[in-house]
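Here's a quick briefing on the structure below. Have a look at it first, then read on for the fold, the annotated spans and the contact between chains.

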Amino acid sequence: MNAAGVRLRRSGGATRLVIRTRAGRLSLRVHLRALLVGAGLLVVALSVSLVNLSTGDFPLPLREVLRSLLGQGDPGTDFIVHELRLPRVLITVLVGAALGASGTIFQRLTRNPLGSPDFVGLTVGAATGALVVLLLLDGGGPQVAVGAVLGCLATSVAIYLLAFRRGVQPFRLVLMGIGVSALLESFNSYLIYRSRLDEALSAQVWLIGSVNGRGWTEVALVGGTLAVLLPVALYHGRHLDMLGMGDETAVLQGVPVERGRAVLALTGVGLAAGATAAAGPIAFVALAAPQLATRLTRSPHAGVLPAALMGSALLSASDWAAQHALPGDDMPVGVVTAALGGVYLTWLLFHERRHNG
Amino acid sequence: MEHVLTTGTGTRPALQTAPGEPRNPRSRTARRWTGLIAGAVALVVATALSIAVGSRSLGLATVWQVLWHDDGSAAAAVVHQLRLPRTALGIAVGAALGLAGTVMQALTRNPLAEPGLLGVNLGASTGVVLAIAFLGVGTATGYVWFAIAGAGLTSAAVFALGGSGRAPTPERQVLAGVSLTAVLGAGVWAVLVTHREAFDRYRHWDVGSLADREAATIVQVTPFLVTGVVLALALGRQLNALSMGDDSATSLGARPARIRVLGMITITLLCGAATAASGPIWFLGLAVPYAARMVTGSDYRWILAYALVLGPALLLASDVIGRVLVAPAELPVGVVTAFLGAPLFIALCRRRRLSVL
């Protein structure tokens, strides 16, 4: 019974892999289908990234790209791959992962498929921070990223404090987010209204979200955020199932409800802030990635990791589409994700109707 | 036995006695009339201020004189060509949004419903943007139709997305509206970034303002507004029936489906026309019915009458505040209403007990 080992177990119609040390001190239960889906998504994300590395104004054969990545390419290829294309591709993958993870946390915490950081005011707060730097302080580059992070953190603290009333009810958090973001939204459109046309246009491109023209600074920013916060999200993510059953049940199961929720929410905020600072407020990925991951793994408890991988795959594919949809025109990736968002919401609409027919 | 419907969730007793409700029906009627007259006086004062106050300060006596005798002086030009049309537009838009908010709250049985929050105003904007950018529509006549089509489509979508579901709570509806708004907004800006001139026109309109609107636009939207106002005022009795729930309404001889369709047409006409004329304005549709309900109780005939005077009074007052606050520059009225309305929304949400997610 208490033997160490790896065994397969079928329960509730799903096959799970159980890894256990002697005496059961450490026991890891892995959802087999989630494992396979995660691996598949990783493969998709990596292959799309490779395609993105090899295509562009100056097409490179895949073999050359791979050799350059392994440090055996010629200087010309190295320059194109390492300086021009790799930062963009890495940012796409990392930002997608951060958005997917952040989206899962918020949707599971609020128990609502629409409770993503796009709609609860976090990305709007980041946008306000960035706009203040861009339009009022005439800053650029890394300063904008700092402004976005500060804006995002300040907004989330404000929302959390407003929602706090004998503990934070998740849904009140969402509503406070909506109120605060309506206010910030109108402030943002005022900032754009009162600035010169050129500045307003470039600010607006930032607001749509783009991975174009980003460098290694941004890669380090979002990569560092993920390296620190993703483990925290994975560790505390196991409470999400219990929290989803309601506070009372979770307390009975020994989950530290208020603290667990605060840690998870903070992690989600941090991930969203890092992603937004690097690439601007890219819509929809945080909304759809968790839902798609749930559907693919056929489990209502799809963890943080499949959603993060789904986000990477989605954003990489979107970036490929953004580069190739209109010949000779490199669109901001946010345009593609917004279009996908429209499709997704329409689907949700019909889905909900069919269910309640 | 006068009751206010505070929620349509059906998960807790939805009836609650209005604060300070007098038991005697006669004194209640007196109170309602007093309130209505006070509202009318407020509207007159706001109108007077809107004509008299501005970046170019004119004496009250001068204003009074040139108001009746257009003597061709500079003062007369300011009053007749700038401030009178602006005030007229403010009255029309304020009445439209106040009534639209009221009808929306009645239809959805949702005290948080508001054309801005539920995305109907942005739907109208989207229609206009598509018309400007892709169909080359440049006249006010064209705008109105596209605005109304956009408003109609989004209101139908929001009702379907948030109104069905297992438990169509007010909060879920707001979330559905906000998500739709986010996707539409992202799409709108994505289109605009590639259309420089349309972008310039749109950013001045998107902020929500009564200044610099073409006289032709006002003339163009008037028939739609008048139809909408008449429809809304005629719906009062049916909305009262609907507020008791579909079953009770049917047993009283009302036809809920027909009332909903009529109400949606009303909202679409009012929001589409108002948004086409002034740009999206937030929170007016939330604040007006709320203030009216505090005095009148739950009778929609009275709430609608109040909305007709309070809407314009609030919008004109906000516009005057915007002119005075940062003189000689101006804050667009949309920014002022957002900064006044968002705290109200937050306070309302904090007070509500959130039982269902």
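A word on the annotation before using it: UniProt positions are given in the numbering used here, feature names are shortened, and annotations may be inferred rather than shown by experiment. Keep in mind, too, that this is a predicted model.

**Chain A overall**
- Chain A is built from 14 helices and three strands.
- Out of its 357 residues, 51% count as buried.
- If you take the contacts in chain A between residues at least 6 apart in sequence, 70% of them join residues at least 24 apart.

**Annotated transmembrane regions**
- An unreviewed UniProt entry puts "transmembrane region" on residues 30–51, 89–107, 119–137, 143–164, 171–193, 213–235, 262–289 and 331–350 of chain A.
- Take residues 213–235 of chain A: the span is 87% helix and 0% strand, with its end C-alpha atoms 34 Å apart.
- Then there's 262–289 of chain A, at 82% helix and 0% strand, where the end C-alpha atoms lie 23 Å apart.

**Where chain A meets chain B**
- On the chain A side, 46 residues are in contact with 39 residues of chain B.
- Helix 6 (170–194), helix 7 (197–208) and helix 14 (333–356) of chain A are the elements giving two or more residues to the side that touches chain B.
- Helix 6 of chain A gives the most to that side, with 16 residues.
- By residue type, the side of chain A that touches chain B splits into 29 nonpolar, 11 polar and six charged.

Technical notes:
Residues numbered from 1 in each chain as written. Chains lettered and ligands numbered in written order. Predicted model: local features only at pLDDT ≥ 70, side-chain atom pairs only at ≥ 80, totals over all residues. Contact = placed C-beta atoms within 7 Å. Helix = DSSP H or I, 4+ residues; strand = E, 2+ residues; numbered from the N terminus. Nonpolar A, V, L, I, M, F, W, Y, C, P; charged D, E, K, R; others polar. Buried ≥ 20, exposed ≤ 12 C-beta atoms within 10 Å, placed from the backbone.
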